[in-house]
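Visitor: I would like to learn how to read a ligand site and a backbone angle in a model such as this one. Could you take me through it step by step?

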Amino acid sequence: MEKTFIMVKPDGVQRGLIGEIISRFERKGFRMESGKLMTVSTELAEKHYAEHKEKPFFGELVNFITSGPVFAMVWAGEDVIATARQMMGKTNPSEAAPGTIRGDYGLTVGKNIVHGSDSPESAEREIQLWFNEEELSSYEKTIDSWIY
Ligand code: RTP
Ligand code: MG
């Protein structure tokens, strides 16, 4: 089953949107496999956003992501990487469609509420970077045997 790394960024945590974001992915039918509230070190932030190292906004990006707690998660499901990106909307909230997380709640490109891996390679890399082995649990939903 495909897996992706999703993170509620510091602005999403401060605005009380952790539950709302979890709800959207849950209701869609995806399965959360790991999740934790944590403060991000500069080292982790720089590794996570390494692809943007040369960009003019890199310093600002690292400062922002380390500015307060984030909620880091692993989600599983068929095509979850691309579907989660669709559900998040475009990077710049002013271009993100209504109905997407960034379209509904984002204000500026620097504070756009949520992160999601952009490819299978990124997902693999980011899950390994943010979670250790004991924190990663895969499970099957057994609800069909509980209700009818
Ligand atoms: P993310 O990695 O956070 O999920 O966002 P993304 O894939 O949609 O966008 P990406 O190109 O990877 O950019 C990473 C984050 O950098 C900030 N950014 N600022 N000031 C700017 O022009 C600018 N451009 C990008 C955004 O917060 C973006 O989420
Ligand atoms: Mg990105």
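Visitor: Where does ligand 1 sit?

Guide: Please keep in mind that this is a predicted model. Ligand 1 sits in the largest pocket, and that pocket has a volume of about 460 Å³. Of the 21 residues that line the largest pocket, those closest to its centre are Lys 9, Tyr 49, His 52, Leu 61 and Thr 91.

Visitor: Which helix and which strand each supply at least two residues of the lining of the largest pocket?

Guide: They are helix H4, which spans 58-65, and strand E4, which spans 114-116; the largest share of the lining comes from H4, with three residues. Sorted by class, the lining of the largest pocket holds five nonpolar, eight polar and eight charged residues.

Visitor: Which residues come nearest to ligand 1?

Guide: There are 13 residues around ligand 1, and of these Lys 9, Tyr 49, Thr 91, Val 109 and His 115 come nearest. By class, this shell has four nonpolar, six polar and three charged residues.

Visitor: Which polar side-chain atoms lie 2.8 Å and 2.6 Å from an oxygen atom of ligand 1, and what lies at 2.7 Å?

Guide: A pair of N or O atoms counts as a polar contact when it is within 3.5 Å. Here a polar side-chain atom of Arg 85 lies 2.8 Å from an oxygen atom of ligand 1, and a polar side-chain atom of Thr 91 lies 2.6 Å from an oxygen atom of the ligand. For Val 109, it is a backbone N or O atom that lies 2.7 Å from an oxygen atom of ligand 1. On its own, ligand 1 has 570 Å² of accessible area, and the protein covers 78% of that area.

Visitor: Turning to the backbone, which residues other than glycine have a positive phi near 55° or near 75°?

Guide: As a general idea, most residues other than glycine have a negative phi. In this model, Asp 79 has a positive phi, near 55°, and Asp 79 lies in the loop between strand E3 (70-76) and helix H5 (80-88). Ile 113 also has a positive phi, near 75°, and its place is in the loop between helix H6 (101-105) and E4.

Technical notes
Residues are numbered from 1 along each chain as its sequence is written. Chains are lettered from A and ligands numbered from 1 in the order in which they are written. This is a predicted model: local features need pLDDT of at least 70, side-chain atom pairs count only at pLDDT 80 or more; totals for chains, interfaces and linings use all residues. Side-chain values use heavy atoms; hydrogens and water are left out. A residue is near a molecule or strand if one of its heavy atoms lies within 4 Å of it. A polar contact is a pair of N or O atoms within 3.5 Å; within protein, one must be able to donate a hydrogen and the other to accept it, and residues adjacent in sequence count only if both atoms are side-chain atoms. Accessible areas come from the Shrake-Rupley method with a 1.4 Å probe; for residues, only the protein chains shown count as cover. On a 1 Å grid over the protein atoms alone, a cavity is a set of points where a 1.4 Å probe fits but cannot get out, and a pocket is an open set with protein on both sides within 12 Å along at least five of seven lines; lining residues have an atom within 4 Å of a point. A molecule sits in a cavity or pocket if more than half of its atoms lie within 2 Å of its grid points. Ala, Val, Leu, Ile, Met, Phe, Trp, Tyr, Cys and Pro count as nonpolar, Asp, Glu, Lys and Arg as charged, and the others, Gly among them, as polar. Grid points are joined across faces, edges and corners, and a volume is the space filled by probe spheres set on the points. Helices (H or I, at least four residues) and strands (E, at least two) are DSSP runs, numbered from the N terminus.
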